[in-house]
Structures are given as C-alpha cells and as structure tokens.
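Please read its numbered points beside the sequence and the model.

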Amino acid sequence: MNDIIHPSIIGILIGLIVFIFYKKFLNYFALFISLIIFFICLNLQDGVYNYMTILNYELYIKVDNLSLFFCYVFSLIGLIGLLYSLHHENRFIPGPALLYMSSAIGVTLAYDLITFYAFWEMLAFSAILLIISSRTTVSYFSTVRYAVIHAVSGLCMLLGILYLSIDYDFKTVSTLSDLRGTIPYYLILLAVLINAAMPPLHFWLPDSYPNASIYGSVFLSAFTTKSAVYALVRMFPGEPIISVAGAFMALYGVIYATLENNPRRLLSYHIVSQVGFMVCGAGLGSPEALNGASAHAFAHIIYKGLLFMSAGAVIYSTGLEKLHLLGGFAWKNPYVALYFFIGALSISGLPLTSGFVSKNITIHSAADLHKPLEYLLMEIASVGTFFSIVMKMGFNIFFGEPKSTYEVKPIPWNMHAAMFIASSLCILIGVLPSYYYQLLPFPESFVPYTFTNVVNSLSLFSATALIYFLVANIIAPKPKINLDTEWFFIAFCKGLVYLFNKILVPAEYKYVGEFYRIMIDKFIARIQQLLVSINYYYLEKIITKVPRNIYDTSVKIAKYYDGNMIKYLQFLFIVLAILLIFLILI
Amino acid sequence: MLSKQFKREIFISFLLFVFMFLITLYDYYKHEVHHSFHFVSIPFLSGLIGIIGALLITTIVKVLQKLVSRGEDSYERYYTS
C-alpha cells in the first residue's frame, strides 16, 4: 500500500487530459487543479513517503524544508500563470503548463534517482510544448535547438545516475560532495548546469523563451532553471567551481541584457544573470548562502513571472515587441507600468521589494566567507540589473515619446488579476521579510533592513541612474540581433556541412566510388541476376495483387482516420483507460 | 556623446546622488559597522561601485555591440536556415 498520492501525478494526468481533449472551458478546470495542487503542497508534512511501486521497485518522495520551499513557489506561479492565460484559447498552454508545473514539483520532491530523472525529462518535454505554443516558424526552430541541448542534458543525467547506482550503489537524491572528482559527479553537474543555463551552454534560454507565446514565456521563466538551482542546492552545496562561475554568470547575463532590443529576450538574459546569483549561493555552500540561493529562487520566480506578464501585456496590447518602436506606454496603461516597475525594482533589489531581502543574503554571505571576487561581481551585476531593466527597458517602453504610432488594445481582467497578485507578493515579501525567512530551509539570522544596508542600496542605484541618463544615447536600443555562444555551434555545424560538401562528397565520387565499382561490380551483377529471376517468377504476381488489396483497405480505413493527431491521441487515451479499468476489475 | 535631452533627469538624479553621498558620510562617521574586507570600509563604496560598474558595463556593451550585433534581417541566416 502506498503512503501518499503524489501531487505531481494528479497534475500530470489532468494535464494530459486537458491537452488531449482540449476545449476552452478546460482553462478553468486547469486553474482549479493548480489550486488543488497548491493546497496539497501547503499541507505536505515532513517525511519520506512511498508513492508508487513498479516491478518491485519502490519509488519515494521526500518532504523537508528545502523541497517544500520550492514546492510552494512552483505551485504558486503555476496558479498565477494559469490565471494570466485564462482567456486564451490554445491547446498548448493549460495542459502543458500543468505538466510543467507538476514536473518541477516532482523534481523537488523526488527522493530516489529514478523519480528524479523521470520528472527531470518530463520538464524538458513539457517545456517543448510550451515553446511551440506560438506556432511560428521561429518557435519551431527554437524548439528543435531546445530539444537537442536538453537531450544532451538528459543523457548526461541518465549516465550519471546509472553510474552512481551501479558503481557506487547510490540511489537517493542527496549531497554528492563525497563523490567529488568522480565521473558521475561531473556528469550530473554538467546536466544540472545546462538546465541552469550556465554560459557558454545558456544559449537555449534566450533563444527559446522569447519565441514562445506570451503566456508560455511566463511558465518557462519559472521552472527549468529553478529546478536546476534546487538540484545544485540539494546535490552540490559548496562546490567551489560554481561559486565563481555563478558570479561571472550574473555579470554575463546583464551585459547581454543591456545589448538587447527585444524585451522578452532582455528578460531571458536576466534569468541567466539572476540564476547566477543562486548558483553562486549554492557554490558558497554555507547555510546562509544556501538560504540566499533558495530565497532568491523563490523571489525571482515571482518577480520574473511578473516581468514576463507585464512585457506580455505590452505585446498583447500594442502588437509590438521591439524597444526601439515603443515609448510612452505608461500614459496609455498606467496599471501595467505600475506592475512592471514593481517587478523591475524587485529584480534590482530596491528596499521594500522581494529582491532586496533575498539577493542581499547571498551577497552578504559572500562577504562573510571572504570571497571578494564573488562579492564585487555580484554587486556590479546588481548595477547592471538596475541599469538594463529599470532604466533601459522601463524608460524605453513606458516613458518618453512613442517611437512609432501604435494602437492600444484593452487587457483582460484575468491578466490584471495575475499581475496584481504577483506584484502584491513582491511587496509583501519585501515588507515582511521575517515571515518569509521562517519558510527558508535553514535557520536565518540575516537582518536586511539596517540603516547601512538601505543607504548602500540607494547609493548604488542613485549612482547607476545618474550614469544611465548621461550615457542613454550610447546604449539606446537599436534594431539589431546579437549573436551569442550559439554562434560557435552554428559555425561548427556549418563547417561540418562545408566539409561534407566540398571535400568528402567529391572524394567519395572520385575515389571511393571507383574503388567500389571495381571491387564489387561482379558481385552486384550476380545479385542483380538472382533478384531479377525471383522478381520475374514470384514477386510479379504479388505486386499486381497486393497494391490493389492495400488500396481497397485504405479507402475503407480512411473514412475513420483523417490524419488528425489529436484524434489518434484521444482514441489511444480512451483505449488505455478502458484497458486500465479492465485490469483493475480483474 | 552625452545625452543632452535628459538634462532634467540628469539634474534630479545628480541631486539624489549628492544626497545619498552625504547620508553615507553621516552613516560612515556615526555608525560602527563590522566590515568583512578592508575595501568595504571605503566611504561611499556602493556609490563608487554604481558609477564604475555602470561605466564598465557601458564600455563592454559598446565594444561587444561591434563584435556580435547584426542587422535584424540576419536572423533568418543564423537561426532558421
């Protein structure tokens, strides 16, 4: 008998049903289910539970402070995202979003490595459905690239887990610090760092998230990278490589974000940057730094969701997705401007917002652990965050003169409601940090609101604002695209194609072909004679009769099967359900 | 090169900057604060990091723009072909 019903199993089953049998009213059903999952997560009690047994192999979940902390925020953002997309009729949003949210919750609750791997792969699969939700050519190409890089990540994870299970008899999701220096340790670390979008393997993120629909982006911003942060905190606390790499990652993200002209691509680079803070926290490894990584992941999921929602609201309203074409939107829809700036000030870490009480824990612990490089890089990354989001993106979208003429469409109530809830959470966390800190995985003694901390923060941002206005013309948005590390992969693949076309193909024609002709011509000729005789005596008769029969049968079958994949899936699902009922009855 | 159209914004942010500088000096001389590194005890360090960081990012962005930016019509060439 199993101890518990896994909340993710409910989400995955309902998500599949919503996806396969999609009708617009199921948006409300998906929202209701996400609410139920949220309440289940709120009521989970600490402990290890068996939730399923397959072929005598027992699968477990583990509930503790760390997993609960991530579960709360994953279920919460799933709920907010589904509310945001409630009015929108698209098969690829509510079902895949439920799958995605449930997979992320599954990763955080997993205790055995098989469960962890299954949900890890499910994350990539559901993300693919969300990326393709915009159904454009660019989203199709982005989906392919996303699938390829996550296949590499999944393969590394699988190899690492198999290696751990067989050679080290290690079967649970827990710290791997004792195995540092072994192959499975680095295989799993690589898989996790790919999902965390660590440069130079981060290019899938700014490539795919902006190409999804505005609703898909909200979910995409929340789950994959933060599941990876959870895995780093759980499995690799105190790994020294990732603390420095994380701090560089934080700076790298803001530099590329400052270059960007596409608001959702700019926000995607900020995911890279903010995850850098979390990766650094995980790498620093002290309880305070791990709290910092977790706290920042929680706050980041909410404010980044809010920023993607408000950017999506601008795109929905104007139909424009370029900074150099926008401007003056705050006078046309001040509510969206207000939501955006609450999110933007939170990500920058201004006092009274969630970012201030979460980001500073990691920076403070870097100082406490005497890590000046990490400290300085994170401080400069904070400057860049304020510089690019509040000043560049905020100023160019919401203030100044509109750079093109555009009409403004009203925004549905549910989008407003979702942004209002997320904004309120950003403020509540910032104003009442003591309640927030009680949820953290480890005891927390950091006091964010000291006179010095507040003054330092305001000094940093006042100086940044002054410099921004002085150099605003230099970094003004331009109608350009920016190549990133994917260029190396593109160049490598193009080089391979060039190599095949210019060298290998002519060589094959000139030399290999000739060689084969001399060697096997006689042999082929014999085979040919044999086949001709078989064909003449036996196949000839079959060939005339079989196609006729196939054609007749096809005409009959075509009445039932019209090539609609969803109908096939629905049929398959019904047959499976009947089989399952039949098996249960037996 | 400087953005002259933002004269008003530059003036306001400069006033804010000076105000924060004075507050920081007050904090520096009035409050005993434990510092983890020696350089953290520099007065108005956060403001300096803000100025140097913003200028550094602007410089890197300007250089990087020359190296990696392409016209929007290049998207197809790189990403969908």
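1. Helices (H or I, at least four residues) and strands (E, at least two) are DSSP runs, numbered from the N terminus. The model is predicted: local features need pLDDT of at least 70 and side-chain atom pairs count only at pLDDT 80 or more, while totals for chains, interfaces and linings use all residues. Residues are numbered from 1 along each chain as its sequence is written, chains are lettered from A and ligands numbered from 1 in the order in which they are written, and side-chain values use heavy atoms, with hydrogens and water left out.

2. A:Tyr186 belongs to helix H7 (residues 183–195) of chain A. Its relative accessible area of 37% makes this tyrosine partly exposed; buried means under 20%, exposed over 50%, and partly exposed in between (1.4 Å probe, protein chains only). Beyond neighbours within four places in sequence, A:Tyr186 is in contact with A:Arg180 and A:Gly181, where contact means heavy atoms within 4.5 Å. A:Cys156 lies 30 residues from A:Tyr186 in sequence, and the C-alpha atoms of the two are 9.0 Å apart.

3. Chain A as a whole has 22 helices and three strands. Its radius of gyration is 27 Å, close to the 25 Å that the globule rule gives for 586 residues, so chain A is as compact as a globular protein of that length. The radius is taken over C-alpha atoms, and the rule is 2.2 Å times the number of residues to the power 0.38. Of the 586 residues, 56% count as buried. Among contacts in chain A with a separation of 6 or more, 82% join residues 24 or more positions apart.

4. What is found in the interior? The largest nonpolar core has 210 residues, and A:Tyr84, A:Phe223 and A:Phe398 have the most contacts inside it. Helix H13 (residues 287–318) of chain A supplies the largest share of this core, 18 residues. Such a core is a set of buried Ala, Val, Leu, Ile, Met, Phe, Trp, Tyr and Cys residues joined through side-chain atoms within 4.5 Å.

5. Chain B itself contains three helices and one strand, in the order α-α-β-α from the N terminus on. Of its 81 residues, 40% count as buried.
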